[in-house]
Amino acid sequence: MRQGQRLVSMVEVAIMAAIAIVFNHLTPFQLWPNGGSITLTMVPIVAVAFRRGVKPGLVCGLLTGALLIALGGTVVHPAQAALDYPIAFAAVGLAGWVRLSEGRSRQRQLWLIGLGVLVAGGIRYLAHVASGVVFFSEYAGNQPVLLYSLGYNATFMVPEVLITLAVCGGVYWTAPQLLWRRERRG
């Protein structure tokens, strides 16, 4: 990658991570006592991943997660903090394995967007579930800890993934060039 393109990619990652932080603080639903909310935080990370690929998507998610910890994330243990923030949000960058481009039909592109968001959101969900099983088991009461963590984390992750799908689909439908992979030139 040429130096100028690399700089543009780094700036885009930084700006999108900042937008993700802003979206995270615009939380319309904070109903859960032990963390988890429904936000648009995944949208900018997914957009970077679709436009730039897996590596910039991972970096954007990792940066977003690290900033969320620094700005007051819930931390009960360093491993929990890593699972719930940098690892979980870096997983969102894995949506970049899907390659969107001008040459494909709209239906195929929308299907790929859905697949990318579902896989990335699913991996993020698993990171939160693992954190819940290991570090928040005392809240499970008499039910199995794994079932408690699966259910608790699904209450915010399922709506957030669906909202991310809807927003990314809408962005693609109205301005597809915002999600196309930027190919190297020269």
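These legends describe views of one predicted model.

View 1. Read along the sequence, the pattern is α-α-α-α-α-α. The C-alpha atoms fill a box of roughly 60 × 35 × 25 Å along the principal axes. A compact globule of 186 residues would have a radius of gyration near 16 Å, and the 17 Å of this chain agrees with that.

**View 2. Burial and contacts across the chain.** Of the 186 residues, 44% count as buried. Take the contacts between residues at least 6 apart in sequence: 72% of them join residues at least 24 apart. The chain exposes about 9400 Å². Carbon and sulfur atoms supply 68% of that area.

**View 3. The largest nonpolar core holds 37 residues.** Val46, Phe50, Cys60, Leu100, Ile113 and Leu179 touch the most other members. At least two residues of this core come from each of helix 1, helix 2 (42-52), helix 3 (54-70), helix 4 (78-92), helix 5 (106-135) and helix 6 (145-174). In soluble globular proteins, nonpolar side chains tend to be buried together.

**View 4. A close-up of Val46 and residues it touches.** Leaving aside residues up to four places away in sequence, Val46 touches Val92, Ala95, Val117, Thr164 and Cys168. Val46 is also one of the core residues that touch the most other members.

Notes:
Residues numbered from 1 in each chain as written. Predicted model: local features only at pLDDT ≥ 70, side-chain atom pairs only at ≥ 80, totals over all residues. Heavy atoms only, no water. Core = buried A, V, L, I, M, F, W, Y, C linked by side-chain atoms within 4.5 Å. Buried < 20%, exposed > 50% of the residue type's maximum accessible area, 1.4 Å probe, protein only. Helix = DSSP H or I, 4+ residues; strand = E, 2+ residues; numbered from the N terminus. Contact = heavy atoms within 4.5 Å. Rg over C-alpha atoms; globule rule 2.2 N^0.38 Å. Areas by Shrake-Rupley, 256 points an atom, 1.4 Å probe, with all protein chains shown as cover.
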